[in-house]
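Dear colleague,

Please find below the structure that I am handing over to you, with its sequence. My notes on what was found in it follow directly after.

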Amino acid sequence: NLQFRVHVFLSVEEENPEFWRSKAKQTLQSVLDRKLNTNVAKNVILFLGDGMGITTYTAARILKGQLQDQTGEETVMTMDTFPHVGLAKTYSVDFQIPDSAATATAYLCGVKTNLNTIGVSAATHNGVCRSQKGNEVTSILKWAKDAGKSVGIVTTTRVQHATPAAAYAHSASRTWYSDADLPDAAKTDNCTDIASQLIENIDIDVIIGGGRKYMTPRGTKDPEYSLDLSSWGTRRDGRNLIQEWQSMKTGKVAHYVWNKTDFDAVDPEATDYLMALFEPGDLRYEVERDPSTDPSLVETTEKAIRILQKNPRGFFLLVEGGRIDQAHHAGRAYMALHEAVAFDNAIAKGLELTKEDETLTVVTADHSHPLTFNGFPFRGQSILGKSPLWGTDFLPYTTLMYGNGPGHKIINGKRPDIRNICGSSDLISSAQQPPRFAAGPNRDHVRTPAQVKQGALTPA
C-alpha cells in the first residue's frame, strides 16, 4: 500500500535516467546561452517578501503547484526563473534576530540599525526620541526621487508599517503610526509620527496599501466600517492627512481611493499621483480577500508600474508581501503560504510589464520564521497535510510545524490527537538566511555580504 502511494504520482518518464539528464542539459544550455546585460538600470523594482525564509519559499512552491492540480515539488516559481540567486545573512546591531524595521533600514538605506527603529542609525535607541535627532539616514526612495525618477510603495500591510515606513520615515519606534501613538516624551522632544512623514518627507508618486485610520482625526468614521469604532480615525492633532495630501497635489492629477471600484477607474496614463488605502489597518489575507471589493497584489502592482513607468527617467518601486510575516506570527501556515503564492504572482506581473534590458528586479526577504518542513511526506501529498509517520507518542503530526508561537498546546502532558482531522487552514521570526533573486541590468552589482552574484540593493 505504501509503495502504491509513492508511485501513483510518478510518471513513467521520471523512471528513465535520460529524463533527468536531459533536463540538466537544458538548464545548463540556458545558462550558456544567456547574454550578459551590461546596461545601466533605468528602473528598479524591489519585491520584499516579509518573513519569507527558505522553508516558506519551498513550501509555497509546492502549494502553488498543488493549487494547479500538480504534485507541487517540481513546480517552478517565478522567482526560480531569475538568473542570479544568493543568500544574505541578517541581524540587527543589537539583536541576533532582527525585525522588519531594522532590516528594512538595512536594505533600503544601506545602514544596519537597532531593533524596532526606522530610517535611523544605531546611535538611535529604541523608543528614545531625543536619540533620533541627527541620526536620520536616507533611503533609495529619496535617492531615486532626487535623481528625477518616479517612486512608489505597494504593500499588503498598512503603509505606515515597518517595511514601507523605512523608505520614507525616520522614527525611534516603528509603532509610532499616528500622533496618538507618540509617548509624551516623544512629543516634548518634537518627534513626528510615521503617517505624517508619509506625506511630508518625500514626494511619493504612488502609495498603495492599508492604514486609513492613522491618516484621519480621532472619531472620523471609516467609509467602509462606519460602525466599527476600532476602524475610526486615531489622530489627536485634528489633522486629516488625506485631505492635506490632496491639497499638496493641486495642479496635478491626483487620486485618493479606498475601494476597488474607484481604484479600477483610475487611468494610469492620465494619473500623476495615487494614494489607495483599502483598509483602516492591514489588508485582508489573500484567501479572505473579496475580489469584488479589494484588488489583489497583482492588480496593485500593475497599477503602480503603469503610473510610474511614464517617467522617461525611470522609477523605483517597493512591493511588499507583508502579510506572509503576519500569518507566520499567528502560526497560520495556510495563510502565509497563500500570501507567498500571491506575492510570486505579483512578481510575474512585474516582469511582464517591464523590459529586462532596462529594469533591475530584485526579490528578497528580510528575515525568516521558525517554520519546519519534516516527516517524509509522500510525493504530491498536501503541503498543508499530515506526515505519513507518527511520533514516539503514537500520534500523527503535520508536515509543517512552528518552533514556537501560539499553536503550542499540551494538555495533561499530551499534545492534540489530529488523527481525525483531514485538513486545516490554521496549522514566530527567525534569523535564517533569506533568499535573494535578481534579474536585469546591474544585477552583478547587487551583492550579499558573501559577495555572491545576487542580493539586496545594499547589504542586509
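At a relative accessibility of 41%, Glu288 counts as partly exposed, where buried means under 20% relative accessible area, exposed over 50%, and partly exposed in between (1.4 Å probe, protein chains only). This is a predicted model, in which local features need pLDDT of at least 70 and side-chain atom pairs count only at pLDDT 80 or more, while totals for chains, interfaces and linings use all residues. Residues are numbered from 1 along each chain as its sequence is written, and side-chain values use heavy atoms, with hydrogens and water left out.

Glu288 is placed in the loop between strand 6 (273-277) and helix 11; helices (H or I, at least four residues) and strands (E, at least two) are DSSP runs, numbered from the N terminus. Leaving aside residues up to four places away in sequence, Glu288 touches Arg332 and Met335, contact meaning heavy atoms within 4.5 Å. From C-alpha to C-alpha, Glu288 lies 28 Å from Ala166, and the two are 122 residues apart in sequence.

Helix 13

Helix 13 comprises residues 333-353, and at 1.5 Å a residue its 21 residues should span 30 Å; the end C-alpha atoms are 30 Å apart, which agrees. The expected span is 1.5 Å times one less than the number of residues. Of these 21 residues, 16 are buried, so helix 13 is largely enclosed by the rest of the structure.

Two helices that pack against helix 13 deserve a description. The axes of helix 11 (residues 297-308) and helix 13 come within 8 Å and cross at roughly 25°. Axes are lines fitted to C-alpha atoms, for helices over the stretch in contact, and angles run from 0 to 180 degrees between N-to-C directions. Helix 11 is therefore roughly parallel to helix 13, given that angles under 35 degrees count as roughly parallel, over 145 as roughly antiparallel, 65 to 115 as roughly perpendicular and the rest as oblique. The crossing of helix 11 past helix 13 is right-handed; a crossing is right-handed if the near helix is turned clockwise from the far one by less than a right angle, and left-handed if anticlockwise. On the helix 11 side, Leu297, Val298, Thr301, Glu302, Ile305 and Arg306 meet Ala342, Phe343, Asn345, Ala346, Lys349, Gly350 and Leu353 of helix 13. By class, this contact of helix 11 with helix 13 has seven nonpolar, three polar and three charged residues. Ala, Val, Leu, Ile, Met, Phe, Trp, Tyr, Cys and Pro count as nonpolar, Asp, Glu, Lys and Arg as charged, and the others, Gly among them, as polar.

The axes of helix 3 and helix 13 come within 9 Å and cross at roughly 80°, so helix 3 and helix 13 are roughly perpendicular to each other. Helix 3 contributes Thr56, Ala59, Ala60, Leu63 and Lys64 to the contact, and helix 13 contributes Leu337, His338, Ala340, Val341, Asp344 and Asn345. The residues of this contact of helix 3 with helix 13 divide into six nonpolar, three polar and two charged.

Thr78 lies in the loop between helix 3 (54-66) and strand 2 (84-87). Thr78 is buried, with a relative accessible area of 13%, and touches Lys64, Asp344, Ile347, Ala348 and Leu351, again not counting residues up to four places away in sequence.

Helix 4

All ten residues of helix 4 (residues 100-109) are buried, so this helix is largely enclosed by the rest of the structure. Its buried residues pack against strand 1 (43-49), helix 5 (140-146), helix 6 (162-165), strand 7 (315-321) and helix 12 (323-329). Just after helix 4, Gly110 takes a positive phi of about 75°.

Other positions

Asn116 is found in the loop between helix 4 and helix 5; its phi is near 75°, a positive value in a residue other than glycine. With 22% relative accessibility, Asn116 counts as partly exposed. Phe394, in the loop between strand 10 (386-390) and strand 11 (396-398), has a positive phi of about 65° although it is not a glycine. Phe394 is exposed, with a relative accessible area of 63%.

Val363 belongs to strand 8 (residues 359-365) and is buried, with a relative accessible area of 0%. The C-alpha atoms of Val363 and Met79 are separated by 7.3 Å, although these residues are 284 apart along the chain.

With kind regards
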